[in-house]
Amino acid sequence: MTASDLRSTLNLPRTDFPMKANLPQTEPRRLERWKAEDLYGRIRAARKGQASFVLHDGPPYANGHIHLGTVLNKILKDVVVRSRTMSGHDAPYRPGWDCHGLPIELKVDRDLGAKKRDLSPLAFRQACRAYAEKYVRIQREEFERLGVLGEWENPYLTMSPSYQATILRQLAEFAEKGLVYKAKKSVHWCISCRTALAEAEVEYDESHVSPQVDVRFPLAEEERDRLARAHPALAGKRIFAVIWTTTPWTLPANLALAVHPDAEYAFYPFEGTDEVLLVAKALRESAGTRWAKGAPAARRPPSANPSPR
């Protein structure tokens, strides 16, 4: 049986749908048709007055071309918005961009090279703004090329005057309600970049060794009396709980010390004094090389530890 004879034995559908996708040509034409027909505007009009569903676009940085991470993020959001629209909701989507921060500053710093030394802080900020504006345009075209529908002609930008004015108004409202207060918090600072860093932007070299400090905290008098009744060897002693830290500048803001509910603690004499130090028994050897000398004056079993709060 020939190939033509075999073809006649199959009940295949008859359709004008092309066998070849030819996406590099057909996709741009489809996107142009959507734009010419104002597909997004027609969807908004069709769903006007329905229950709303608003997906806030946590914005990408305007610091380069889109990549797999931003592509996945934007496509998943488009899936959510479209599915909600098809469920009957009025689901607008307004994209946005984060136009501030170290990711943009580092790219501009790299592009400027030695020229940055001759720029004033204002000129550098203007260069960062121009860089962000450039990649907002580029990323918008790239996201639209993915077929994502939204208000691409009306995005929100963190550097737009209206956006910044809204931040100031909201801050003023917080202040009027007494929600703004001053407290102690460590701020990471990059010496080379001369900018503040978010905690997520701080990375340490594995071989890095930070200066450390051991600090003793005196126990309250009523706590010392309670311990002396339970452990007579502690009577008349000054008792301190010991902590170890590589960030001593946070100590003024300390509110509490934590103990492990399953660890055993012991009270070790501080050599040459009438002081006793409360230390986890498992850390006795390492502590002994610094300050905890001799046999423990008393032990604190795990069952006697307070419950963590």
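Please begin by selecting K281, which is partly exposed at a relative accessible area of 34%; buried means under 20% relative accessible area, exposed over 50%, and partly exposed in between (1.4 Å probe, protein chains only). The model is predicted, so local features need pLDDT of at least 70 and side-chain atom pairs count only at pLDDT 80 or more, while totals for chains, interfaces and linings use all residues. Residues are numbered from 1 along each chain as its sequence is written, and side-chain values use heavy atoms, with hydrogens and water left out.

Helices (H or I, at least four residues) and strands (E, at least two) are DSSP runs, numbered from the N terminus. E264 is also partly exposed, at 29% relative accessibility.

Now select R216, R238, D274 and E275, which salt bridges with shared partners join into one network.

Proceed to helix α8 (residues 221-230), where E223 and R226 lie 3 residues apart, about one turn of the helix. Their salt bridge has its closest N and O atoms 2.5 Å apart. E223 is partly exposed at 27%, as is R226 at 36%.

Finally, select R110 and D111, whose side chains form a salt bridge (3.6 Å, N to O). R110 is exposed, with a relative accessible area of 57%. The structure holds 16 salt bridges.

Note on methods: A salt bridge is a side-chain nitrogen of Lys or Arg within 4 Å of a carboxyl oxygen of Asp or Glu.
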